[in-house]
Amino acid sequence: MTEDLVGRGNKDGADLFRQWFTSLDETANNGDQAAYVFVMGSINEILKAFDLPVVFPEINSLQTAVRRVAHEYLDVAEDYGYSPDICGYVKADVATQLQDGLHPMGRIPKPTIAVLTNACNTYIKWAEIWERMHNIPIFTLDVPGTRNEGGQTWQGDRDFENDRKYVAAQLRELIQLCEKVTGKKFDIDKFREVLGYANRMSTGWSQILELNRSKPAVFNALTDGTIFLGVANGFRGTEEGAVYFEQLAQELKYKVEHGIGTLMDEEIYRLIFVGVPCYPIFRRFNELFTEWGGSFINSTYLWFASGGTNRGFQYDLDNPIDSLAEGVLISVRDAMDSMFHQEPMIEDMIDEYSVDGVIFHPIKSCRTVSTGLADSRRHLTERLGTPSLFIESDMMDRRVVSEAQMKNRIDAFFEGLASRRQQATHA
Amino acid sequence: MNTKVFDDWRGQPLDEILRLCRDHVEDSDYSPVQRWRDAGGKVLGHFQVYFPEEIAHAAGLLPVKIMGASLEPTAADSRFGSYLCSVIKTSLELALSDNIQLDMFVSHPICDAARNLAAIWGRNYDYPCHILYLPQNPNSGHSVEYLRGEYDRIKRTIEEVAGREVTDEALRNSIGVFNENRRLLRELYDIKRETPWLLAAEDAYCLMAIGGMIPCEEHNEILAHALPLIREKSGRAEDRIRVVYEGAFCEQPPVDLIRMLGRTTYIVDDDFVIGSRFILDDVDASGDPLERLAHAYVEQSSYSPVQHDLRKLKEDMLLRRFRAARADAVIVSAAKMCEPGLEEQVAYTYGLDAADVPYFVSEFEENQNSFDQLELQVETFVENLLFA
């Protein structure tokens, strides 16, 4: 039983991920249609109802970093004219487009349509590049976010209703656009089926996050979590995606029941990761923490890069379009909150997940996630005094990743944690 | 409130009026705003690019453009990471260093850094700090209705700060005051375009930018007084190329940089403080004023790299500006570390190449104080055009 179950999520996730890229390669080679989307508000729910394969350029770009070829892509885009100071994901994608979809995981199809939200402003500038390069329709689903910390409104409130109506109207306009692009009539029953799969995935996603409250943690939010995110994005609204997360929840429950942790050695420190992973040295970055017995038990990345799936929103299949509008509004807003207004969430998590330290990892490439982290950390320290570490690098550009410098700071952080714990014991 | 916050210019010759405007724009102490506060007035600070100032005005608040300053972000630095534009940091620094005191702050999702700014500001100050979600899908048939609701939401917060209701009548009056301001600014830009030798580039800039820190009625008075004096000036056109300056929609180049450019070129159009001129025509003050303001933003507005609109492909808009200004070349600039500006620079240059328009690419920072190298490059560019 243990052999079959433990590790299944990572293995199946990696398999699904490869299958997805294989299918994209086939789509590219056949010259078939594809939709370009982003992780925060992919609107897979509508696109899958039109059988449009989805391409996530963010994921394509991060894969070039994980596979250590990002610099080649960045060079191509910078030669084209893009500044070293803009988002590395954008540049890697520009290079992919300029090289006819060339990518280490297979050829990436050209877009027939691009659908984006305003969750990240760079999405908008990015899609404008495709608009020019490929002369395709781009659709910006504008999802108003939280206006001030703690100021979220909910169903029945006039401001919430103003936002919901706006999102719902746009979704109806998107459906019309998809009909035009694909030449297919919108099938409400198929749409309901897709929403049903998305509901099952959302349930599974929130369950797995909850399960990591256990000691020891049953998955590593940084490394295993990234595999889960790949499936959550690429397979949202599909049966494979729904089944995957149900089975993953089953696996992790088993690990909780049997006290099987994610570290080979004892879990000494429970950590939260705030920011975007350091993909150019992805495994090594994690090891710098696990070597000290540090385990990432949750991350803001698992919230925003899943488009707020952590909220576990369940669509009402009897009222599918309006319910999707409500779900997108609440979930994408939550994804934005976990970047702009994340302190309450982090504070809750510190308490509920028995956290020993918070790792803030702002990066050069992403101002969305990184701009407020220093201030957020400052306030966290003032309010709770929770130990934290602030290390800057990048998600793509190895020129600004200094492993030696990072190691020094991480080592010092753990030495501080150890000494703090020792003092607490003696007190 | 009847207090005049900038009154020194009255009775002064034009050159002195322009000097006073320059002093205020270059100083980071915002003394007119302080005078407003000293008289018991309340202040709403809003980050770039566009904010419907009419709503704050109708509530009796002083709307102030927070657009950075030439000062070191000593206190603000610890609130931000490394890879950011200057204007984000210096804007907060203005508050942290007590150069400006606010009763409300509003930011907009113009870029990823600006959207974070409201949250950061909110963690540091107890007064309301909000994001105004201007529509990024103005092409939706529902965007005007949505924006009307969003303006209503911000109006309610403003009312709480002001301690009074904003009536439709007050809003209509404010729209009228700002329509007059828009008309006068259009006149200022007519002068820049038609007779640029009558007004130095930096003076034109300061005459506009002073409006960001004083009541609109006072700005109107200054413009109404100064513009005829400028037109009356004698002067002859010099042999300079006519340029459009693009890239200052948010962070502003230092006045000295504008002065340097004005020594070798005529800046006949630009996007300096474009939020002041974002609504292109008069806003119809009849009917529902919030709806009219929302409609104006969606249907009667200019362009910038941070307003997405399928009808406004930015390089096409720039070419339109270039042609309308009968310019010879474009200075395609961007603030350092400004993601949307730097991204748009690429689109602009490819678009200008396709249209065979000469351009000069540069970056700037508001705190920059050395221009020798840049001046040499600009002169070389200009000479290449003049003597080609």
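In this predicted model, the buried residues of helix α17 of chain A are A:L373, A:A374, A:D375, A:S376, A:H379 and A:L380. The elements that cover these buried residues include β5 (269-275), α15 (343-352), β7 (357-361), α16 (367-370) and β8 (388-390), which belong to chain A, together with α5 of chain B. Helix α17 of chain A runs over residues 373-384; at 1.5 Å a residue, its 12 residues should span 16 Å, and because the end C-alpha atoms are 16 Å apart, the expectation and the model agree. After α17 of chain A comes A:G385, with a positive phi near 70°.

| Feature of the chain B and chain A interface | Value |
|---|---|
| Residues from chain B in contact | 52 residues |
| Residues from chain A in contact | 58 residues |
| Buried area | about 4,800 Å² |
| Salt bridges | 11 salt bridges |
| Polar contacts, both residues at pLDDT 80 or more | 40 residue pairs |

Carbon and sulfur atoms account for 50% of the buried area. A salt bridge joins the side chains of A:R367 and B:E339, with an N to O distance of 2.7 Å.

Notes. Residues are numbered from 1 along each chain as its sequence is written. Chains are lettered from A and ligands numbered from 1 in the order in which they are written. Side-chain values use heavy atoms; hydrogens and water are left out. Contact means heavy atoms within 4.5 Å. Buried area is the accessible area (1.4 Å probe) that two parts lose on being put together, summed over both. A salt bridge is a side-chain nitrogen of Lys or Arg within 4 Å of a carboxyl oxygen of Asp or Glu. A polar contact is a pair of N or O atoms within 3.5 Å; within protein, one must be able to donate a hydrogen and the other to accept it, and residues adjacent in sequence count only if both atoms are side-chain atoms. Helices (H or I, at least four residues) and strands (E, at least two) are DSSP runs, numbered from the N terminus. The expected span of a helix is 1.5 Å times one less than its number of residues. Buried means under 20% relative accessible area, exposed over 50%, partly exposed in between (1.4 Å probe, protein chains only).
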